Amino acid sequence: MEVQVARLEFREAMARVCAPVNIVTTDGPAGRGGFTATAMCSVSDDPPTLLVCMNERSAQTGMFLANKRFCVNVLTQLHMHLAGKFAGAIRDMAERYSAARWQTMPSGMPALLDAIVSFDCEIGAVNKVGTHNVMFGRVVDIRHGSEEAALLYVGRNYMQPSALGSFGG
(Lines give C-alpha, C1' and ligand atoms only; values in the text may rest on other atoms or scores of the structure.)
Protein backbone atom coordinates (compact mmCIF):
# COMPACT_ATOMS: atom_id res chain seq x y z
CA MET A 1 0.00 0.00 0.00
CA GLU A 2 1.44 3.35 -1.10
CA VAL A 3 1.21 6.18 1.43
CA GLN A 4 1.15 9.73 0.09
CA VAL A 5 2.55 12.63 2.10
CA ALA A 6 0.21 15.62 2.35
CA ARG A 7 1.22 18.72 0.39
CA LEU A 8 1.33 21.00 3.45
CA GLU A 9 3.27 18.44 5.48
CA PHE A 10 5.86 18.29 2.70
CA ARG A 11 6.09 22.09 2.50
CA GLU A 12 6.62 22.34 6.28
CA ALA A 13 9.36 19.72 6.15
CA MET A 14 11.11 21.42 3.22
CA ALA A 15 11.05 24.74 5.10
CA ARG A 16 13.52 23.10 7.50
CA VAL A 17 16.02 22.44 4.71
CA CYS A 18 18.67 25.13 4.35
CA ALA A 19 19.43 26.22 0.77
CA PRO A 20 21.60 28.83 -0.93
CA VAL A 21 19.72 31.73 -2.52
CA ASN A 22 20.15 32.46 -6.24
CA ILE A 23 18.85 34.97 -8.75
CA VAL A 24 18.17 33.35 -12.09
CA THR A 25 18.24 35.78 -15.02
CA THR A 26 17.48 35.70 -18.72
CA ASP A 27 17.62 38.12 -21.63
CA GLY A 28 16.88 37.69 -25.29
CA PRO A 29 14.21 38.06 -27.96
CA ALA A 30 11.43 37.24 -25.46
CA GLY A 31 12.63 39.89 -22.99
CA ARG A 32 14.63 40.30 -19.82
CA GLY A 33 13.53 38.52 -16.67
CA GLY A 34 14.71 37.24 -13.36
CA PHE A 35 13.52 35.47 -10.23
CA THR A 36 14.84 34.32 -6.86
CA ALA A 37 15.31 30.57 -6.49
CA THR A 38 16.57 28.15 -3.90
CA ALA A 39 15.74 25.10 -6.02
CA MET A 40 19.04 24.87 -7.92
CA CYS A 41 21.63 22.12 -7.87
CA SER A 42 24.35 20.38 -9.82
CA VAL A 43 23.29 17.51 -12.05
CA SER A 44 26.51 16.38 -13.76
CA ASP A 45 30.04 17.54 -14.51
CA ASP A 46 30.16 15.69 -17.84
CA PRO A 47 28.74 17.67 -19.47
CA PRO A 48 28.56 20.42 -16.82
CA THR A 49 24.83 20.66 -16.09
CA LEU A 50 22.68 22.14 -13.35
CA LEU A 51 18.98 22.37 -12.78
CA VAL A 52 16.68 25.17 -11.69
CA CYS A 53 13.02 24.82 -10.75
CA MET A 54 10.58 27.55 -11.78
CA ASN A 55 6.90 27.71 -10.93
CA GLU A 56 4.96 26.97 -14.09
CA ARG A 57 2.42 29.70 -13.22
CA SER A 58 5.07 32.42 -13.20
CA ALA A 59 4.42 35.15 -15.74
CA GLN A 60 8.07 34.74 -16.78
CA THR A 61 7.93 31.04 -17.66
CA GLY A 62 7.33 31.63 -21.37
CA MET A 63 10.13 34.21 -21.51
CA PHE A 64 12.71 31.83 -20.02
CA LEU A 65 11.67 28.97 -22.28
CA ALA A 66 11.64 31.17 -25.41
CA ASN A 67 15.06 32.70 -24.66
CA LYS A 68 16.47 29.17 -24.15
CA ARG A 69 19.15 30.53 -21.83
CA PHE A 70 19.54 31.57 -18.22
CA CYS A 71 22.22 32.59 -15.76
CA VAL A 72 22.28 31.40 -12.13
CA ASN A 73 23.80 34.00 -9.80
CA VAL A 74 24.67 32.68 -6.32
CA LEU A 75 24.00 35.44 -3.77
CA THR A 76 26.09 36.62 -0.85
CA GLN A 77 24.70 37.66 2.51
CA LEU A 78 24.94 41.26 1.27
CA HIS A 79 22.24 40.56 -1.36
CA MET A 80 19.27 40.00 0.97
CA HIS A 81 17.52 43.14 -0.35
CA LEU A 82 18.03 41.98 -3.93
CA ALA A 83 16.67 38.50 -3.20
CA GLY A 84 13.45 40.08 -1.95
CA LYS A 85 13.09 42.28 -5.02
CA PHE A 86 13.54 39.35 -7.43
CA ALA A 87 11.23 37.19 -5.30
CA GLY A 88 8.38 39.52 -6.24
CA ALA A 89 8.56 42.42 -3.77
CA ILE A 90 9.14 44.59 -6.86
CA ARG A 91 7.16 43.68 -9.96
CA ASP A 92 8.85 46.07 -12.39
CA MET A 93 11.80 44.25 -13.99
CA ALA A 94 13.74 47.45 -14.76
CA GLU A 95 13.49 48.45 -11.10
CA ARG A 96 14.70 45.00 -10.01
CA TYR A 97 17.74 45.25 -12.25
CA SER A 98 18.52 48.83 -11.27
CA ALA A 99 19.02 47.70 -7.65
CA ALA A 100 22.37 46.03 -8.49
CA ARG A 101 25.33 46.10 -10.86
CA TRP A 102 25.34 43.64 -13.74
CA GLN A 103 27.81 42.32 -16.28
CA THR A 104 26.76 40.82 -19.60
CA MET A 105 28.08 37.31 -20.19
CA PRO A 106 29.34 36.51 -23.73
CA SER A 107 25.96 34.80 -24.34
CA GLY A 108 24.11 38.02 -23.49
CA MET A 109 22.86 36.79 -20.09
CA PRO A 110 22.93 39.25 -17.16
CA ALA A 111 25.38 38.21 -14.43
CA LEU A 112 25.33 39.88 -11.02
CA LEU A 113 28.69 41.63 -10.77
CA ASP A 114 29.32 40.71 -7.13
CA ALA A 115 27.71 37.25 -7.06
CA ILE A 116 29.75 34.43 -5.54
CA VAL A 117 29.61 32.68 -8.90
CA SER A 118 27.49 33.00 -12.05
CA PHE A 119 26.65 30.01 -14.25
CA ASP A 120 25.75 30.87 -17.85
CA CYS A 121 23.48 28.11 -19.19
CA GLU A 122 21.73 26.93 -22.33
CA ILE A 123 18.48 25.11 -21.65
CA GLY A 124 19.01 21.50 -22.65
CA ALA A 125 15.70 20.07 -21.45
CA VAL A 126 12.64 21.06 -19.46
CA ASN A 127 10.54 18.59 -17.49
CA LYS A 128 7.25 19.51 -15.85
CA VAL A 129 6.98 18.03 -12.37
CA GLY A 130 3.84 18.95 -10.46
CA THR A 131 3.59 22.75 -10.29
CA HIS A 132 7.12 23.43 -11.55
CA ASN A 133 9.23 23.30 -14.67
CA VAL A 134 12.62 21.75 -14.04
CA MET A 135 15.02 23.49 -16.43
CA PHE A 136 18.23 21.61 -17.11
CA GLY A 137 20.97 24.04 -18.05
CA ARG A 138 24.15 23.06 -19.85
CA VAL A 139 26.80 25.34 -18.34
CA VAL A 140 28.65 27.16 -21.13
CA ASP A 141 30.52 29.74 -19.04
CA ILE A 142 31.32 30.46 -15.40
CA ARG A 143 32.19 33.78 -13.80
CA HIS A 144 33.75 33.78 -10.32
CA GLY A 145 33.12 36.81 -8.14
CA SER A 146 32.75 37.58 -4.46
CA GLU A 147 34.21 35.50 -1.65
CA GLU A 148 31.58 36.71 0.85
CA ALA A 149 29.52 34.11 2.70
CA ALA A 150 26.46 32.79 0.88
CA LEU A 151 22.94 33.99 1.60
CA LEU A 152 20.89 31.05 2.85
CA TYR A 153 17.16 30.41 3.16
CA VAL A 154 15.69 28.27 5.94
CA GLY A 155 12.52 28.42 8.01
CA ARG A 156 10.99 30.72 5.38
CA ASN A 157 13.60 33.37 6.21
CA TYR A 158 16.88 34.55 4.76
CA MET A 159 19.84 33.74 6.96
CA GLN A 160 23.23 35.41 7.07
CA PRO A 161 25.78 32.78 8.08
CA SER A 162 28.26 35.33 9.47
CA ALA A 163 29.58 32.77 11.91
CA LEU A 164 30.68 30.58 9.02
CA GLY A 165 33.10 33.18 7.64
CA SER A 166 33.78 33.81 4.00
CA PHE A 167 34.20 31.22 1.27
CA GLY A 168 37.78 30.11 1.00
CA GLY A 169 38.59 31.89 4.27
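Tutor: Val154 counts as partly exposed because its relative accessibility is 22%, where buried means under 20% relative accessible area, exposed over 50% and partly exposed in between (1.4 Å probe, protein chains only). The model is predicted: local features need pLDDT of at least 70 and side-chain atom pairs pLDDT 80 or more, while totals for chains, interfaces and linings use all residues. Residues are numbered from 1 along each chain as its sequence is written, and side-chain values use heavy atoms, without hydrogens or water.

Val154 belongs to strand 11; helices (H or I, at least four residues) and strands (E, at least two) are DSSP runs numbered from the N terminus. Apart from residues up to four places away in sequence, Val154 touches Ala15, Arg16, Val17, Cys18 and Met159, a contact being heavy atoms within 4.5 Å. A separation of 8.7 Å is found between the C-alpha atoms of Val154 and Met14, although the two residues are 140 residues apart along the chain.

Strand 11 covers 152-154, and Arg156 sits in the loop that leads from there to strand 12 (157-159). The phi of Arg156 is near 60°, a positive value in a residue other than glycine. Most residues other than glycine have a negative phi, and most peptide bonds are trans. Arg156 has a relative accessible area of 42% and is therefore partly exposed.

Two other loops have backbone values to check. Lys68, in the loop between helix 2 (61-67) and strand 6 (69-74), also has a positive phi near 60° and is not glycine. Lys68 is exposed, because its relative accessibility is 55%. In the loop between strand 4 (40-45) and strand 5 (48-55) lies Pro47, and the peptide bond from Asp46 to Pro47 is cis, with omega near 0°.

Thr76 gives a buried example: its relative accessible area is 1%. Thr76 is placed in the loop between strand 6 and helix 3 (80-89). Beyond its neighbours within four places in sequence, Thr76 is in contact with Asp114, Ile116, Ser146, Glu148, Ala149, Ala150 and Leu151.

For the chain as a whole, there are four helices and 12 strands. Among contacts between residues at least 6 apart in sequence, 65% join residues at least 24 apart. Of the 169 residues, 38% are buried. The C-alpha trace spans about 50 × 40 × 35 Å along its principal axes.

The UniProt record, an unreviewed entry, annotates residues 14-160 as "domain: Flavin reductase like"; such positions are given in the numbering used here, feature names are shortened, and annotations may be inferred rather than shown by experiment. The span 14-160 is 16% helix and 48% strand, and its end C-alpha atoms lie 19 Å apart.
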